[in-house]
Amino acid sequence: MNKTVNPNELTSDDDNGPLYVAQKKVYPQSISGTFRRIKWGLMAFCLGVYYFLPFVRWNRGLDAPSQAVLIDLPNSRFYFFFIELWPQEIYYFTGLLIVAAVALFLMNSIGGRIWCGYLCPQTVWTDLFYAVERFVEGDRRERMRRDKSGGSLTFKRVSEIALKHSIWLMIAWWTGGAWVLYFNDAPTLVKELLTFQAPMIAYIWIGILTATTYVLAGFMREQVCTYMCPWPRIQAALTDEWALNVTYRYDRGEKRTSVKKAAELRALGQQVGDCVDCYQCVAVCPTGIDIRNGPQLECIQCGLCIDACDNVMTKIGRPKRLIGYDNDVNIQRRRDGKAPVYRIVRARTVAYSAIITAVGGIMLYVLATRSLLDVNVLHDRNPVAVRLSDGSIRNAYTVRLLNKSGYDRVIAIDADGPANATIHVVGADSVTPDRPMIVIPRDSTSELRLLVTAPAENNPEKSIPVRFHVTDIGLGEMASATDNFVSP
Amino acid sequence: MTDHSEIDSVTGRATTGHEWDGIKELNTPLPRWWVICFYLTIVWAIGYWIVYPAWPLISSNTTGLLGYSTRASLAVELANLEAVRGEKMATLAAASLADIEKDPALLALARAKGKTVFGDNCAPCHGSGGAGAKGFPNLNDDDWLWGGTLDQIMQTIRFGARSTHADTHPGQMLAFGKDGVLKPDEIVTVANYVRSLSGLPTRPGYDVAKGKKIFAENCVACHGDDAKGNQELGAPNLTDKIWLYGSDEATLIETISNGRAGVMPAWEGRLDPATIKAMAVYVHSLGGGK
C-alpha cells in the first residue's frame, strides 16, 4: 500500500477500473474532536431554530397573528418579527435570495464547502439519522460485520431495526410537522393536528415532508450530494486556489509507513511520512471517500477526517493536522519547501462582501423608510373621458388604497390636476369641501371609484397630468400617485 | 453463445452472452421496484375498470360499482357553488338600493356582480365600460332619458324601453317628415333652432322666429316649453351638450324627419331580482347616477 502520491497525478477515480460502479454502502464511524463538536453545535442550532421558531410569539395587537414568523397564505401576508410584508413587496425576498446566494459564494471563497459540511439540511438531517443508527445498531464495525454476514433475524435484531426506523420516522414526522407550523398559528395547529381537526392540506404536507426526510436522510444520504445536488458542480466554479479546503498534506504524510518502521527510519535520519495508513479518515467519512486522493467532488468538507487523523497523530506522538483546512497554493508551496501563506482578503472576497453590504444596505433602507400607506390609480379605459350635460369633462379612475398598518385609518383624497376640478368618490364615508374621506380598515385594501370633473371653461385641450394625494388625517402620512386627465 | 459470466470491462457488469456483429448485450434486468410497480398498475387498472364506468357497450356503458359519473359530479359542484354564492346574493336581494350604497361591503359586492353581468348582457349595446355609442346612451354621463336615480335605473333595466314588457317605458318620437307633418324647409329651420338651444352654430340666415314657432307647435308637447325634455316620455333634454344620435344638422334633420324610437329589452324574468339590483347599483356608480 505504500505508494507515493504526486499531487499532479491525483485523481479520485482509478482510470483502469470500470466507469460504472455499484453504490457502496457507507458506514461512517463515530468520532470526537474539534470539528465534530462544531458540527454538533451547529446541528443543535439549526434544528432548534427550525423546530421551535414557529412557537416564538410576537405581539402585534388585537386580531393580528401573534406568531413571530408566519407565512399567512390565505391572507397573503408574511410576518417576520416586526416586519409584515404584502405580496407586492416580494422584492424583499429577491433581495434576501441575492444576499443568501452571495453569502454562499463568500463562504465558498473563504472556507470551501462550509455550507455542505455544516449547514445544508441534507447534511444536518443525515448526520442526525446516522447518530440514531449508531445509537441503536452500534458503530461501523458492528454494522459492517452484520451486513456482510447477512445476520439472522433474531428478536434483538428485529427490535433494533424497528426501533431505528421508528425513531427515524418520528424525526421525519416532526420535521414535516414543524414545516406546516410556519403556515398557521403553531399552538392552534398542534392542537388541531392532535385531535385530527387540522385541514387535509396540513396532513398532506406533513406526509410529503416525512417521506422526503425519511428517504433522503435515511437511505439516499451521500448520494444526494454526489448525484442530485448541483452545488458540488457549481462550487467548482466558485472556488480558487486561496479557498480553504480539507486537504491531506501529502508532503508530510508520504511516504506512508508503519509507526515502528517510521521511528526506525527517522532514527537513521531518513525522510518518512506521518501517515500510517490507518484508514481512520476513510472510516469516519460520511461520503465514503479517501481524502488522501486529493480534492474530490464527493467531499463535503465536514472536517470529520481531520478529527480522526488528529486523534491518531496524538496517539503516535506526531503533530496534528496531517489533514487540515488548507489551500491549493500551500500544497505547491510546501512541495517547494516554502512556508504556507493564507489570504482571506482577495478581490473576490472583497467583491462578495461589497455586494452583500450593498444589497443588505438597500434592503434595510427600503425597509426602514417603507410606507404603510400606499395608493395605486388606474384610469378608466372605456370611456377614457365623459362629457357631461353642462359641457364639463369627467374622467373616472379606479383607486386602490392600501393600509398596511395595524389600525383603521381615515384617509382624505385630493387631486392636483385641471384647474377648479372637483373630485367625487363613489361611496365616500364623508365629504369635507372638495375633499372626500374614506375609512380603510387596518391591514387591508380598499378599491374606490373616483371621478374628477373639470368645468367647461377649463377644459384641457389634451392630456394633462393629474396627481392624487391620499393623506391619513390623523397621522399626516401621505402617499400619492400620478395619472392623466384627458379630453374626449 | 459465449459464457454468461463474462464481465464487460467498461461498465463492470455481466453480459447476457448474446452477441450481434461484435456488440454484446449487458445483462441489465429491470429493477425489482420497477417490476413491482408495473404489476401494481395492472392490478390498479383492473380495479378501476370495475369501480368506475369504463367499458363501452352497444347502447350504453358499464356504470361501475361506484355509480360515478362526471355529469353527476358537475351537478354537485354547481349546487355547492350556488350554496356558497346564494348566501351573499340573498343579502343583496334583501337590502334596499339605498342601503347598498351606504354599506361598503354590499356596495363592493353589488358592483362586482353588476360589472360581470353588465359585461354579459349590456356591453353589446352600451359598450364594456358603459360608454355607449350612437343611439345607445352613454351610462357614464349625467344625462338620463328615463331618470338617473337608483330606482329609475332599476325600473329601466327591469322593464326596458319600448320593449314587449307591459310595464315598459312608452313613447316615441314622431316622424315629422315622413308623416308629412312638416315640410322639408320647416325641418331644416327647426333643426337649426334646436342646435341654437344648446349653443351650437346655426346656418346663416335661418329664420329664428319661424323655428321657434314650429318648435312651439310641434315639439314642446314632449320636449317641454324650455326644451329640457321629459323623462316620463324619454324625451331628451335638447339644451345640454349631450346628443344620443348626434348634433350636426344632417343628423337632426334625419331625426326630425323619421323620428326615433330606440329599444331596450326588458330584463325582468331573464335575470333574477338580486342580479338586476346589482346591475342598477353598478350602472349608478359608473358616475352618472343622481
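B:Asp21 is exposed, with a relative accessible area of 79%, where exposed denotes over 50% relative accessible area, buried under 20% and partly exposed the range in between, computed with a 1.4 Å probe on protein chains only. The model is predicted, so that local features need pLDDT of at least 70 and side-chain atom pairs count only at pLDDT 80 or more, whereas totals for chains, interfaces and linings use all residues. Residues are numbered from 1 along each chain as its sequence is written, chains are lettered from A and ligands numbered from 1 in the order in which they are written, and side-chain values use heavy atoms, with hydrogens and water left out.

Although B:Asp21 is not a glycine, its phi is positive, at about 45 degrees. This residue belongs to the loop that connects strand S1 (15–20) with strand S2 (23–26) of chain B, helices (H or I, at least four residues) and strands (E, at least two) being DSSP runs numbered from the N terminus. A positive phi, of about 60 degrees, is also found at A:Arg321, which is not a glycine. A:Arg321 sits in the loop between helix H14 (304–315) and strand S5 (323–326) of chain A, and with 30% relative accessibility it counts as partly exposed.

Two peptide bonds of chain A are described next. The bond from A:Glu254 to A:Lys255 is cis, with omega near -5 degrees, and A:Lys255 is placed in the loop between helix H11 (250–253) and helix H12 (259–267) of chain A. The bond from A:Asn382 to A:Pro383 is cis, with omega near 0 degrees, and A:Pro383 lies in the loop between strand S6 (373–379) and strand S7 (386–387) of chain A. In general, most residues other than glycine have a negative phi, and most peptide bonds are trans.
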